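Have a look at this model.

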Amino acid sequence: MKLIKTLLIIGLFAIVGAIAVVWLGLYNVAADDPHWDSTYRVLEVARERSIARRADGITVPDLKDSELIQSGAGNYNAMCVTCHLSPDAAETELSIGLYPRPPRWDALGDVDPREAFWVLKHGIKASGMPAWGKSMDDRYLWGMVAFMQQFKSMTAAQYSAQVAASPGHSHGGGETDVGTGDPHATHDNGPRSSFEPPEDPMATSSDNDDTDSHHH
């Protein structure tokens with residue numbers, strides 16, 4: 001009985017302490033103040049186990065389907081490349097500034113297709129990864145998974161060729177208009193949003209200087 005009372009008192013102090021830390025704003029939520037290694041590892045394991053549990057049982061379509069891969073190329077280039085990059089692409093403001101850092105394109109090719117699909121569809125809390133399933137049907141999400149599965153042996157030239165042959169940013173409706181009025185149009189005539197991917201991820205910074213009106 002004495003042990004139970006002691007544990008209850010310790011638990012009460014722990015709860016009060018946690019409330020005090022939250023209420024007093026002692027926890028630093030800044031993205032440039034990394035977690036402790038132990039905290040990061042716990043969150044990483046929680047993320048991996050949560051995704052694995054929920055992706056288990058998902059049926060994977062034919063990821064070698066050329067049309068599926070092509071549809072994924074255009075949508076990846078429009079929706080993912082700014083954070084996850086592409087072969088030979090330089091880091092972007094978003095890829096550098098996000099915490100945790102988003103996995104690079106070359107790591108995405110090693111992700112289990114079921115888990116990649118689940119993450120694309122549902123996103124990940126407090127990571128910057130959106131739930132694309134809110135605006136995209138499953139077949140378009142699988143297209144991006146199929147395209148990412150090609151990354152393991154993909155060159156910059158092959159990436160560009162796949163994107164050029166794709167329907168562009170197209171997933172049956174819901175594509176964000178970034179300011180030009182036509183979500184499928186190129187963006188040479190208007191100011192570039194900081195969230196807008198470059199037309200050519202392999203373009204050098206000097207190439208972009210001519211058309212980029214985004215200044216710091």
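The questions below ask what backs each label put on this predicted model.

Q: Why is α1 said to lie largely in the open?
A: Buried means under 20% relative accessible area. Of the 22 residues of α1, the number buried is 0, so the helix lies largely in the open.

Q: How do you know what span to expect for α1, residues 2-23?
A: The expected span is 1.5 Å times one less than the number of residues. For the 22 residues of α1 that gives 32 Å, and the helix reaches 32 Å from its first C-alpha to its last. Just after α1, Gly 25 takes a positive phi of about 70°.

Q: What makes up the largest nonpolar core?
A: Such a core joins buried nonpolar residues through side-chain atoms within 4.5 Å. The largest one has 34 residues, and Tyr 76, Leu 120 and Trp 132 are among those with the most contacts inside it. Elements giving two or more residues include α2 (37-55), α3 (66-79) and α9 (156-164). α8 gives the most, with 8 residues.

Q: Which residues is Tyr 76 in contact with, leaving aside its neighbours within four places in sequence?
A: Contact means heavy atoms within 4.5 Å. Among the partners of Tyr 76 are His 84, Trp 105, Met 144, Phe 147 and Tyr 159.

Q: Where is confidence lowest, and where is it highest?
A: pLDDT runs from 0 to 100. Helix α10 (residues 205-209) is lowest, at a mean of 47, while α7 is highest, at 97. The chain mean is 85. Over residues 178-198 pLDDT stays under 50. Over residues 200-208 it is below 50 as well.

Definitions and conventions:
Residues are numbered from 1 along each chain as its sequence is written. This is a predicted model: local features need pLDDT of at least 70, side-chain atom pairs count only at pLDDT 80 or more; totals for chains, interfaces and linings use all residues. Side-chain values use heavy atoms; hydrogens and water are left out. Helices (H or I, at least four residues) and strands (E, at least two) are DSSP runs, numbered from the N terminus. Buried means under 20% relative accessible area, exposed over 50%, partly exposed in between (1.4 Å probe, protein chains only). pLDDT is the predictor's confidence in each residue, from 0 to 100.
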